[in-house]
Amino acid sequence: MLGLRPTAAEPVRPVDGPLTARDAARAVETELLRVLDENLRRARDTDPVFARDVAERVAALVRRGGKRLRTAFAWCGWRAAGGSGCAAQVVRTGAALELVQACALVHDDLMDGSPLRRGAPAVHVEFTRMHEAARMAGPAEAFAASAAVLAGDLALAWADDLLTETALGSPHGPLLHREWQAMRGEMVAGQYRDIRAQATGASGVEDAVVVATLKSALYTVERPLALGARLAGADPAVLEALRSAGRCAGLAFQLRDDLLGTFGDPALTGKPADDDLRTRKLTYLLAVGLRLAEASGDREAADVLAPRGPSASDDGVQRMRAALERTGARAVVESKIEELAAASLRHFHRTGAEQAVRREFEALVERASGAGPECAGEAA
């Protein structure tokens, strides 16, 4: 049983018996319930309307969360760096990661115009419906966009509060907080590079890798590993190996998400499978497809995959999928995922982590980079 605080008043107990990444993922659910309840109480004390409309929507999104992979990766980083005993700080760090993930999802869905998230209407869609049902004044979409920005900001504030509390209670707090600061900046940079790529019609593979790395790979795996390692006082060699392992695994994770966002089943992934294609969003998959089409002289595929085209119709989406298959782009991305996953494991082994921890990391990388609904980016 993990040592954590079921309630704010109950002291943290030491861990009894061996811990696993699965234990950490389960324990973070309990910690999230505690944190959400505490923050909802504060929100209601501040203003009941704000609490009902905004805070409760953020809490509902977090509760609909997926496999809590970021928490599991933080645990792996902690253990690889020699962490043992009470894992409460690792669990709280994992909960903070889940909250910052909620912020990213709310803002990302708004910017992309995505209607679904985790099998339910996206937060900005919920606000649109609320506006219409209440017959409020003004454009529903403008109100919804503003409210969704605030909802995402609230999730980030909750995440920052929790991480700061954890850092203040750790002898390695300054380094933990520095890692967190870097992660937040990377997320914003990645999101900006994403929307800028769409506005400028960027189509290069290198640009796609930069966006995927900054926007997803770092905060999905590399930073969680490093945050866990910081809590254990990791030495530089272990930290460097973990960063390399995390960057490879995180990029593999994002490339799998690109594939699921194009060829996946929305009933399993909980989000649409055509948004990226309809908006011609720059992904590694699309960039590789365009490059292969141009190299082979497949003018039809190059035209349909070009970044400057209009939003694709249903027929256009099907033609884009066919082009990605025909050019071999899908197969290339599958091969790249396998290559990155293998490299990640090699880097992790350099940490000297115990065999049991290495096996758990291997299983996590397989879940994050392999096929299936639990590998979808939002489900983590």
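Q: Which helix gives the largest share of the lining of the second largest cavity?
A: Helix α12 (residues 284-296) gives that share, with three residues. A helix here is a DSSP run of H or I of at least four residues, a strand is a run of E of at least two, and both are numbered from the N terminus. The model is predicted: local features need pLDDT of at least 70 and side-chain atom pairs count only at pLDDT 80 or more, while totals for chains, interfaces and linings use all residues. Residues are numbered from 1 along each chain as its sequence is written, and side-chain values use heavy atoms, with hydrogens and water left out.

Q: What makes a space a cavity, and what makes it a pocket?
A: On a 1 Å grid over the protein atoms alone, a cavity is a set of points where a 1.4 Å probe fits but cannot get out. A pocket is an open set with protein on both sides within 12 Å along at least five of seven lines, and a lining residue has an atom within 4 Å of a point. By this rule there are two cavities of 30 Å³ or more. Volume means the space filled by probe spheres set on the grid points, which are joined across faces, edges and corners.

Q: Which residues line the second largest cavity?
A: Ala 202, Ser 203, Arg 280, Lys 281, Leu 282, Leu 286, Ala 287, Leu 290, Leu 305 and Pro 307 line the second largest cavity. They divide into seven nonpolar, one polar and two charged. Ala, Val, Leu, Ile, Met, Phe, Trp, Tyr, Cys and Pro count as nonpolar, Asp, Glu, Lys and Arg as charged, and the others, Gly among them, as polar.

Q: What lines the largest cavity?
A: Its lining is Arg 34, Val 35, Glu 38, Asn 39, Arg 42, Trp 158, Asp 161, Leu 162 and Glu 165. Two or more of these residues come from each of α1 (21-46) and α6. The most, five residues, come from α1. By class, the lining has three nonpolar, one polar and five charged residues.

Q: How much space lies in the largest pocket?
A: The largest pocket holds about 810 Å³. It is lined by 46 residues, and the closest to its centre are Ala 104, Asp 108, Gln 191, Lys 215 and Lys 281. Elements giving two or more residues to this lining include α4 (88-112), α7 (173-200) and α9 (236-263). The largest share, ten residues, is from α4. The lining has 18 nonpolar, twelve polar and 16 charged residues.

Q: Why are α3 and α8 called oblique to each other?
A: The axes of α3 (residues 69-80) and α8 (residues 205-231) cross at roughly 40 degrees and come within 6 Å. Axes are lines fitted to C-alpha atoms, for helices over the stretch in contact, and angles run from 0 to 180 degrees between N-to-C directions. Under 35 degrees counts as roughly parallel, over 145 as roughly antiparallel, 65 to 115 as roughly perpendicular and the rest as oblique. The pair α3 and α8 is therefore oblique.

Q: Why are α7 and α8 described by another word, and which one?
A: Their axes cross at roughly 165 degrees and come within 9 Å. The helices α7 and α8 are therefore roughly antiparallel to each other.
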